[in-house]
Amino acid sequence: MEAAFLAEMLAHSGLGEGNGPFAGGPGEAQLASFLRQEHAKLMVEKGGLGLAELIVRTITRGND
């Protein structure tokens, strides 16, 4: 879940958008999304933002 959130945030930051003579084309958007997903997955593996833990704590605290 955290990786999906980070991938979306990376998309809005412009990661994967090419510029220059070889940028563009019909497949660029799809391939850029794969790059963002991999970056997000690696960020989560390295500790992420702690978002998933925060959500779990909030949900379980609400059940008390």
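Which residues of α1 are buried? They are E2, L6, A7 and L10. Buried here means under 20% relative accessible area, exposed means over 50%, and partly exposed lies in between, with a 1.4 Å probe and protein chains only.

Before going on, a word on the model. It is predicted, so local features need pLDDT of at least 70, side-chain atom pairs count only at pLDDT 80 or more, and totals for chains, interfaces and linings use all residues. Residues are numbered from 1 along each chain as its sequence is written, and side-chain values use heavy atoms, leaving out hydrogens and water.

Now the overall picture. The chain has three helices and zero strands. From the N terminus, the order is α-α-α. Helices (H or I, at least four residues) and strands (E, at least two) are DSSP runs, numbered from the N terminus. The chain has 64 residues, and 12% of them are buried. Its accessible surface is about 5000 Å². Carbon and sulfur atoms hold 62% of that surface. Those areas come from the Shrake-Rupley method with a 1.4 Å probe; for residues, only the protein chains shown count as cover.

Next, contacts. A contact means heavy atoms within 4.5 Å. Take the contacts between residues at least 6 apart in sequence: 74% of them join residues at least 24 apart.

Back to helix α1. This helix covers residues 2-13. Its 12 residues, at 1.5 Å a residue, should span 16 Å, and the end C-alpha atoms are 16 Å apart, which agrees. The expected span is 1.5 Å times one less than the number of residues. Recall the buried set of α1: E2, L6, A7 and L10. They cover an arc of only 135 degrees around the axis, so they sit on the same side of α1. The arc is that of the directions from the helix axis to the C-beta atoms. The face turned away from that buried side carries the exposed residues A4 and H12. Just after α1 comes G14, with a positive phi of about 100 degrees.

A32 and A11 are 21 residues apart in sequence, yet their C-alpha atoms are 8.6 Å apart in space.

Past the end of α2, two glycines. Just after the helix, G47 takes a positive phi of about 125 degrees. G50 is in the loop between α2 and α3. At 28% relative accessibility, G50 counts as partly exposed. Side chains of opposite charge can pair when their charged atoms come close. How many salt bridges does the structure hold? It holds two. A salt bridge is a side-chain nitrogen of Lys or Arg within 4 Å of a carboxyl oxygen of Asp or Glu.

One joins E38 and K41, at 3.3 Å from N to O. Both residues lie in α2 (residues 28-45), three residues apart, about one turn of the helix. E38 is partly exposed at 42% relative accessibility, and K41 is partly exposed at 39%.

Another joins R57 and E53, with the closest N and O atoms 3.8 Å apart. They are four residues apart in helix α3 (residues 51-62), so about one helical turn separates them. R57 is partly exposed at 48% relative accessibility, whereas E53 is exposed at 54%.

Last, the surface. M1, I55 and I59 form a nonpolar patch, with about 310 Å² of accessible area together. Patches are made of residues with over 30% relative accessible area and no salt bridge; like charges are joined within 9 Å, and nonpolar side chains (Val, Leu, Ile, Met, Phe, Trp, Tyr) within 5 Å. With a relative accessible area of 30%, I55 counts as partly exposed.
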